[in-house]
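Here is a friendly briefing to read alongside the model. Take a look at the sequence and the structure, then go on to the notes below.

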Amino acid sequence: MSFRLGLNRVHEFSVFALMMVFVFAVFFSEIDFTYKIGIAALVFSIIFLTSIAGQVLKQQEEARQR
């Protein structure tokens, strides 16, 4: 049983959900500009870190198969 497909779908869904949070927070909310910048930085850092974690997991899986 392979988890590769499920992991990719979960990662893509989480990126999509975080981008929706970013869009709603920046464009449709009446909060201070500094909070908007903070939310944007948090969203993009989470997306970046999950992408790196996915790459590391993929590399470890490839190393185990060798």
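At 45% relative accessibility, Val 21 is partly exposed, a class that lies between buried (under 20% relative accessible area) and exposed (over 50%), using a 1.4 Å probe and protein chains only. Val 21 sits in helix 1, and its C-alpha atom is 9.1 Å from that of Ala 40, 19 residues away along the chain.

This is a predicted model, in which local features need pLDDT of at least 70 and side-chain atom pairs count only at pLDDT 80 or more, while totals for chains, interfaces and linings use all residues. Residues are numbered from 1 along each chain as its sequence is written, and side-chain values use heavy atoms, with hydrogens and water left out.

**Overall make-up**
- The protein has two helices and zero strands, taken as DSSP runs (H or I, at least four residues; E, at least two) numbered from the N terminus.
- Of the 66 residues, 14% are buried.

- Helix 2 (residues 33–65) has 33 residues and reaches 48 Å from first to last C-alpha, close to the 48 Å expected at 1.5 Å a residue, a span given by 1.5 Å times one less than the number of residues.
- Buried residues in helix 2 include Lys 36, Ala 40, Val 43 and Ile 47.
- The largest nonpolar core has six residues: Leu 18, Phe 22, Val 26, Ala 40, Val 43 and Ile 47. Helix 1 (4–27) and helix 2 each give two or more residues to this core. Such a core joins buried Ala, Val, Leu, Ile, Met, Phe, Trp, Tyr and Cys residues through side-chain atoms within 4.5 Å.

**An exposed residue**
- Phe 27 is found in helix 1 and is exposed, with a relative accessible area of 61%.
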